[in-house]
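Student: I am new to this kind of picture, and I would like to learn how to read it one feature at a time. Could we go through it together?

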Amino acid sequence: MPSSHCIFAVPSNRLYRLVALSLLLTLGIGALFARVVWQMQDERWAATRRVNASLAQVLAHSLGRGLDAYDLSLKGLIQGLDDQAIMGLPAAQRQRALFDQSMGLTDTAGMLVLDSHGDVVLDSTSVEPRRANLADRDYFQVFAQGRHQGLYFGAPVLSRLTGRYLLPMARARHHADGRFAGVVVGGLRLEYFNNLFSVVDLGPQSGITLFLADGTVVSRYPSQDAEIGKSIAGSEDLRRIQAERSGSFISADAIDKVERFDTFRHVGAYPLILSVAQSKASVTQAWQRSAWVLGGFAALLMLAALALAALFVRELRRRQH
């Protein structure tokens with residue numbers, strides 16, 4: 001009768017197969033966890049893209065409605081100026097009739113009527129107009145020189161009358177024979193945009209930027225007055241944004257060079273672009289934590305599989321001998 005240790009005898013080639021099998025099992029565990037982590041990353045970016053796109057759409061829609069209301073008031077003011085019955089009223093009544101539509105608008109800098117020389121002749125804030133000449137402003141120059149028709153958005157500017165930053169919106173006035181009669185101009189204080197954007201928290205080094213179609217920064221939230229009026233004209237980011245109505249991309253910011261996930265959208269038919277920019281680090285932070293946890297767990301499993309395989313082979317060899 002053969003000795004009992006022969007029952008456990010295992011050929012060397014079979015031991016090699018067992019070792020190879022354990023290595024394959026270990027690699028399979030690693031590949032499985034790597035695939036899970038990769039899918040988590042893709043899902044994180046996809047979720048961020050969906051959320052930021054929806055956020056940009058909601059903000060652009062809300063902003064567009066505010067601009068629609070303000071432009072409607074500018075049009076109403078021009079119609080009132082052309083109405084002889086209104087212009088023939090006593091000053092106080094004329095004031096109410098001309099500027100009644102704009103009184104319900106919040107975060108506005110008021111409305112002014114400028115004559116063909118740029119002098120303020122009517123003022124929504126008082127019956128006696130504030131004295132100023134604004135002929136040097138871009139919104140007056142484009143109309144005086146006949147270079148623009150319809151609603152015009154001027155560059156964000158520090159108001160001479162209020163001392164606060166505002167975004168000018170202007171329309172031209174013309175006499176019955178077509179001659180330039182002046183400009184009606186109003187403005188939204190930049191606090192209006194900051195208040196609108198303040199409900200959003202995108203994480204550190206993230207924020208929302210509103211800029212004109214030519215790349216001029218109008219508002220940047222969290223508020224950074226030093227960047228108002230800066231331009232990203234000529235940058236690759238602006239060319240991409242100008243070519244599409246909406247979209248997303250990752251790039252280093254043209255102003256502060258921080259890498260961000262940028263989701264942009266044009267604001268209705270206005271020459272304004274809204275950018276919801278979330279720092280790449282804030283997007284990947286949660287994923288990286290999960291990846292480290294899963295990676296550590298996978299490493300433990302792989303080491304455990306290798307250790308068990310080594311113990312199994314050693315035991316088989318011990319019994320074989």
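Student: Is Asp138 buried, partly exposed or exposed, and what is its relative accessible area?

Tutor: Keep in mind that this is a predicted model. Residues count as buried under 20% relative accessible area and as exposed over 50%, with partly exposed in between. Asp138 has a relative accessible area of 26%, and therefore it is partly exposed. Asp138 is found in helix α4, and, leaving aside residues up to four places away in sequence, it touches Tyr152, Gly154 and Ala155. The C-alpha atoms of Asp138 and Phe153 are separated by 9.2 Å, although these residues are 15 apart along the chain.

Student: Where is His148 placed, and which residues does it touch?

Tutor: His148 lies in the loop between α4 (138-144) and β3 (152-153), and its contacts, not counting residues up to four places away in sequence, are Val142 and Phe143. With a relative accessible area of 30%, His148 is partly exposed. Its C-alpha atom is separated by 9.3 Å from that of Arg171, a residue 23 places away along the chain.

Student: How should I read a pair of strands, and how many bridges join β7 to β8?

Tutor: In a regular strand the side chains alternate between the two faces of the sheet. Here, strand β7 (residues 207-212) and β8 run antiparallel and are joined by four bridges, with Leu210 standing opposite Ser219 in β8. The hairpin of β7 and β8 has four residues between the strands, and in it Gly215 takes a positive phi near 100°. Strand β8 (residues 217-221) is mostly covered, since four of its five residues are buried.

Student: Which residues of helix α6 are buried, and why are they said to be on the same side?

Tutor: The buried residues of helix α6 (residues 236-243) are Asp237, Leu238 and Ile241. They cover an arc of only 95° around the axis, so they are placed on the same side of α6. Among the elements that cover these buried residues are β7, β9 (246-252), β10 (259-266) and β11 (272-279).

Note on methods: Residues are numbered from 1 along each chain as its sequence is written. This is a predicted model: local features need pLDDT of at least 70, side-chain atom pairs count only at pLDDT 80 or more; totals for chains, interfaces and linings use all residues. Side-chain values use heavy atoms; hydrogens and water are left out. Buried means under 20% relative accessible area, exposed over 50%, partly exposed in between (1.4 Å probe, protein chains only). Helices (H or I, at least four residues) and strands (E, at least two) are DSSP runs, numbered from the N terminus. Two strands pair if DSSP finds at least two bridges between them. The arc is that of the directions from the helix axis to the C-beta atoms. Contact means heavy atoms within 4.5 Å.
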